[in-house]
Amino acid sequence: MKVLITIPGVHSPKIIDAEPNEKIGLLIKNVQAAESNKDTLQDFEITIKDHKEDLDKGLELSTIVKNQDKSDRIHLLIHRCKKVKVTVTYSGRTFSDTFPSSFSMKKVQKKVFKEFGIHENDGNDLFFWINDQPIHNIEYVLLGGLTQYPVCSVELKLGTKQDINGFKSSEEIFKEHIESDEFQLLELLGKVIQVDQKDSQWPFFYLRFSACLGRSFVLRFNLTDYPKQPPNGVPWDLEKNQILIAEKWPRFNPRCCQIFRPEWNMNGLYLPLDRIALNTHNNWGRKYATEKWRDGDTILKYVSEVSDALNRLT
């Protein structure tokens, strides 16, 4: 079985293979979690994401997963800080509170938004920043991964994503995005795989998406003027090097039927994140103000939306 593990000072969790009967304490040896040569197994605690109580190191993994949703991988935090003091600066104001180190930034965000009077829909353009870098995939980022003992605190900024791309080309910007920890996490989870297509050149890029029941589908992306303009994705037949025939488009659940609509247009997905769909629906800018492609968005947003649709059973 695969287990997500967050270690101190590392934002994105590692994925390791473990046996169901493996003892919790021995997992520390599978990740290089020691903060110094003097640290031993007894120096660390292990906690499940968003839980407060530490686990007994003698427990087997199977005892943890027994009552878990089978679709979710176990996410553990190895830590020495029981709690983390979080200080957030936003629009000239500062908020501080202490949270369990196993809490995800998604959980912390709710408290921060409430404190600053930010409605969830109004906060879609806001990012947590640490050391002048935005934090993505906040549901996978645990507080214990943002700091290292003996410093059990972290200072964050909350703000919009500024235009820091300078004079980089679209291809250079895109490369940075797919080499980010957030995108690589999706690859490690098996949600997407980069595909090399013979004779293909920028602005085209190919990704294979895993789908439920062992299926998979390839999308070809046209990334012209990325990220100022939204990507354009279309199901692709790699062997014939052409758009996948309509009969083979994924339409096995209601969400797929909504966004994979060859009867509407064979050249794009029916998403406010897709260039063709957004540009051909004049009212979508207002109707889908939060769902549409906006300044600061990356390919990760598009990929996550498609991956979610393909992995729904109903």
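Some ground rules to begin. The model is predicted, so to speak of local features we need pLDDT of at least 70, side-chain atom pairs count only at pLDDT 80 or more, and totals for chains, interfaces and linings use all residues. Residues are numbered from 1 along each chain as its sequence is written, and side-chain values use heavy atoms, with hydrogens and water left out.

I will speak of helices and strands throughout. Both are DSSP runs numbered from the N terminus: helices are H or I with at least four residues, and strands are E with at least two.

Let me start with sheets. Strands of a sheet pair through backbone hydrogen bonds, either parallel or antiparallel. Here, two strands pair if DSSP finds at least two bridges between them.

Now strand by strand. β1 covers residues 2-6, and four of its five residues are buried. Buried means under 20% relative accessible area, exposed means over 50%, and partly exposed is in between, with a 1.4 Å probe and protein chains only. β1 and β2 (residues 14-17) run antiparallel and are joined by four bridges; in that pair, Val3 stands opposite Ile16. With β4 (residues 75-79), β1 pairs in the parallel sense over three bridges, and Thr6 has Leu77 as its bridge partner. β3 and β4 run antiparallel, again with four bridges, and Ile48 is partnered with Leu76.

The other open sheet has five strands in the order β6-β5-β9-β7-β8, also with mixed pairing. At its edges stand β6 (93-100) and β8 (133-134), each with a single partner strand, so one side of each is left without a neighbour in the sheet. Helix α2 (residues 105-116) packs on this sheet, touching β5, β6, β7 (126-130) and β9, and its direction makes about 145° with that of β6. Strands β5 (83-90) and β9 (153-160) pair in the parallel sense over five bridges, with Lys85 opposite Ser153.

Which residues of α2 are buried? They are Met105, Val108, Gln109, Val112, Phe113 and Phe116. Seen down the axis of α2, these fall within an arc of 135°, so they line one face of the helix. The arc is that of the directions from the helix axis to the C-beta atoms. The face turned away from the buried side carries the exposed residues Lys110 and Lys114. Just after the helix, Gly117 takes a positive phi of about 70°.

Thr160 is partly exposed, with a relative accessible area of 39%. Leaving aside neighbours within four places in sequence, Thr160 is in contact (heavy atoms within 4.5 Å) with Asp125, Leu126 and Trp129.

Next, helix α3 (residues 170-178). Its buried residues are Ser170, Ile173, Phe174, His177 and Ile178. Down the axis of α3 they fall within an arc of 130°, so they line one face of the helix. They pack against α4 (181-188), β10 (192-195), β11 (204-210) and α8 (299-310).

Last, the cores. In soluble globular proteins, nonpolar side chains tend to be buried together. A nonpolar core is a set of buried Ala, Val, Leu, Ile, Met, Phe, Trp, Tyr and Cys residues joined through side-chain atoms within 4.5 Å. The largest one here has 36 residues, and those with the most contacts inside it are Phe209, Phe260, Ile299, Tyr302 and Val306. Its largest share, seven residues, comes from α8. Apart from it lies another core, of 25 residues, including Tyr90, Phe103, Leu126 and Leu158.

As for Phe260, its contacts beyond four places in sequence include Leu219, Trp249, Leu269 and Val306.

Note on methods
Axes are lines fitted to C-alpha atoms, for helices over the stretch in contact, and angles run from 0 to 180 degrees between N-to-C directions.
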